[in-house]
Amino acid sequence: MAWNRVGRRMALALAGTVWLAVSGEAGAYPIYVSNEKDNTISVVDSDKLTVVATWKVGRRPRGITLSTDGKWLYVCASDDNRVDVVDTTTGMVVRSLRSGPDPELFVLHPKGNPLYIANENDNMVTVLDVEKNLVLTEVPVGVEPEGMGISPDGTILVNTSETTNMAHFIDTATYKIVANVLVDARPRIAEFSADGKVLWVSSEVGGTVSVIDPASRQITRKIEFKIPGMVPEAIQPVGVRLTKDGKKAFVALGPANRVAVVNAETFEVEKYLLVGQRVWQLAFTPDEKLLISTNGVSNDVSIIDVEAERVVKSVRVGAMPWGVVAGPN
Amino acid sequence: MIPLPSGLFLRAHRSLLLLTLGALTSLLSFMLPVHAQAPQPVDIRIGLITRQLPPPTVFEFDPVPEDVGLAGGRLAVRDNNTTGQFTGHRYSLEEETLEEGQDAVAAARSLVARGAGFLVVNLPADELLSIADALKGENVVLFNVRAPDDRLRGADCRSNVFHMAPSHAMLTDALAQFLAFKQWRRLFLIVGPQRGDKLYAEAMRRAARKFGLVIAADKPWEFGPLARAKADSPTTAEALVFTRGVDYDIAVVADEAGDFGDYVPFRTADARPVAGTQGLIATTWHPTFEVWGAAQAQSRFQRAADRLMRPLDYQVWMAVRAVGEAVTRNKATDPGEMKKFMSGAGFALPAYKGVSLSFRPWDQQLRQPLLIVQPRFMVSVAPEAGFLHQRTPLDTLGFDQPETACRLQ
């Protein structure tokens, strides 16, 4: 694709620019990236912005998250039908958890347990006690469950189903579905604001982000993206992250190779940041100074300065980077 | 009776609370069919007409599975029902497999009489047209999942038929785009004896003109079904010299039955690749296709049917899913209403192709990307980059609005 070649060149040019502002200021955080095609985790140091370690995990690692203390890294090993637990001090898989078949994405309860896992092939959300390695229950949801979001108070779990095209609201006390909100095609990610008052759901094929009021379970706003010179089909929103102050949102746009910067108060798209190819997932460092995007086709991650809204570096990782999370220490 | 999610509802205003409770009750009642006052889910009946395959007359290396197409429909009904449990719809698939000599129109009428508002038709063009004409004026929507004939999207189009199967024009345009992208411009067209082969070849000639390719040679195949000759001595002289003395980049075989297309690769006089209906082909599905979530559909299908998904399975899956998608979005189940909705701008079918698929309003053909594949691997996806269109790049494949001969009534 001719455009991609140009985009790639620009991304490389950006990557070459010297990066001064953040390094040195913030403490160094480990950034963990799951590489879907080579069954590894790349560990990037947020200070040096280089890969400092590569760890082996189960097959087709996708969703990735950390225990609240940052000691354990949970990795969906989709093709091994399990969740691997990696000791972040040694990089070794110390346990494997019963995730149900084909785990893709998950979210940890704000208190650190249980883990809510989307079983993509099984139309199920598995609720797993991570300490006892015990499946507490399975909640039947729509076809191809993927996105998992949990309200900050932990009472409502939201799962998106890619082929049913719904956001399912699940009461975490009863494990019953209490609402289903129909959104645009292929919803990928559900993300609550820090105050729990707004839920963002990205629709990859529909090309939109639905902003949902979790109290009324109604869509209050649909965000659309327009990039000059790009066909609408290439704009495929996936990853969504909101700053804790509720002011900014970042939306990864897949094959558009861009991350949109959205004003989270007015819902206007303010800027598009050029990153690597096929950008899917996003994660902040704990201090929210950096945002990291996984670029599946160019096999790198883009490091974004959140304050300056600028891409400061591309870091080459493993084959087909999918998920990303940054640890506190 | 109804479990009250703690906290969240209690903060709400009283009227809102009642409203929410009402919504919750109706929702839960769909999920718990034993509930005393549970409203019955709305039934949507889909018929699937197919014809029993005659056993192959000669050796078949890769036999067509008996449930081809059907297995795709069964999976789609399951997918629809998973969604239906949240929306209050219940889908069923009634399969009608015709035996030799059995009348397709009578079978279609019987399915309609039993309440099917949607018919998935896995039959050749002539039989599809007889059914469409017999059911004209009835409140039934037909889906063509098999017949690639361009005339069904042109002079012989029918307003009660939606086409899930790509047309000959789409298949050959997709291939021609790839060949143009590779700069393999001089084609040696080898045309089989059957009617469909001639139609495919005609579409290929048109595609070549459209994308600036050259037909360097155009010859009929006259050596019989050599690709099916199990113990063929590899010295069929005429076939081996057939490709001599032609200056071309790639051979394009037109052989829908698979009688000789696979005989040609590596038997050409010069070292030339082969494309068309065998070799490198344009199609809707392939076992090595796994991007855009296709991997999930592949494994879901394989678990359900215990075999790999074939293009016909996918085309039936799309037809049944199109009904589900239209019902969920439009919240109506009347076939007439749904027909209007499906041909409008509001309809979008996600089908693992990275973009939403929709119907062309001028001929009701599903616009869709096509896979360019060799037998064991995916090679590319058409439309190729750089083939632009004012509406959508998907409309570079097949007959566009200004050139259509279809007059829908």
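Let me begin with a definition: two residues are in contact if their C-beta atoms, placed from the backbone, lie within 7 Å. By that criterion, 23 residues of chain B are in contact with 25 residues of chain A. Please note that this is a predicted model, in which local features need pLDDT of at least 70 and side-chain atom pairs count only at pLDDT 80 or more, while totals for chains, interfaces and linings use all residues. Residues are numbered from 1 along each chain as its sequence is written, with chains lettered from A and ligands numbered from 1 in the order in which they are written.

Helices (H or I, at least four residues) and strands (E, at least two) are DSSP runs, numbered from the N terminus. On the side of chain B that touches chain A, helix H2 (70-87) and helix H8 (294-305) of chain B are the elements that give two or more residues. H2(B) gives the most, with 4 residues.

I turn now to helix H10 (residues 335-343) of chain B. Here B:Pro335, B:Met338, B:Lys339 and B:Met342 are buried, that is, 20 or more other C-beta atoms lie within 10 Å of their own. These residues lie on the same side of H10(B), because they cover an arc of only 105° around the axis, taken from the directions from the helix axis to the C-beta atoms. Their packing partners in chain B include helix H9 (311-330) and strand S12 (356-359).

Finally, chain A has an open antiparallel sheet of 4 strands in the order S16-S17-S18-S19; two strands pair if DSSP finds at least two bridges between them. Its edge strands are S16 (187-192) and S19 (218-224) of chain A. Between S17 and S18 of chain A there are 5 bridges, and A:Ser203 stands opposite A:Thr208 in S18(A).

Terms used. A residue is buried if 20 or more other C-beta atoms lie within 10 Å of its own, exposed if 12 or fewer, and partly exposed in between; C-beta atoms are placed from the backbone.
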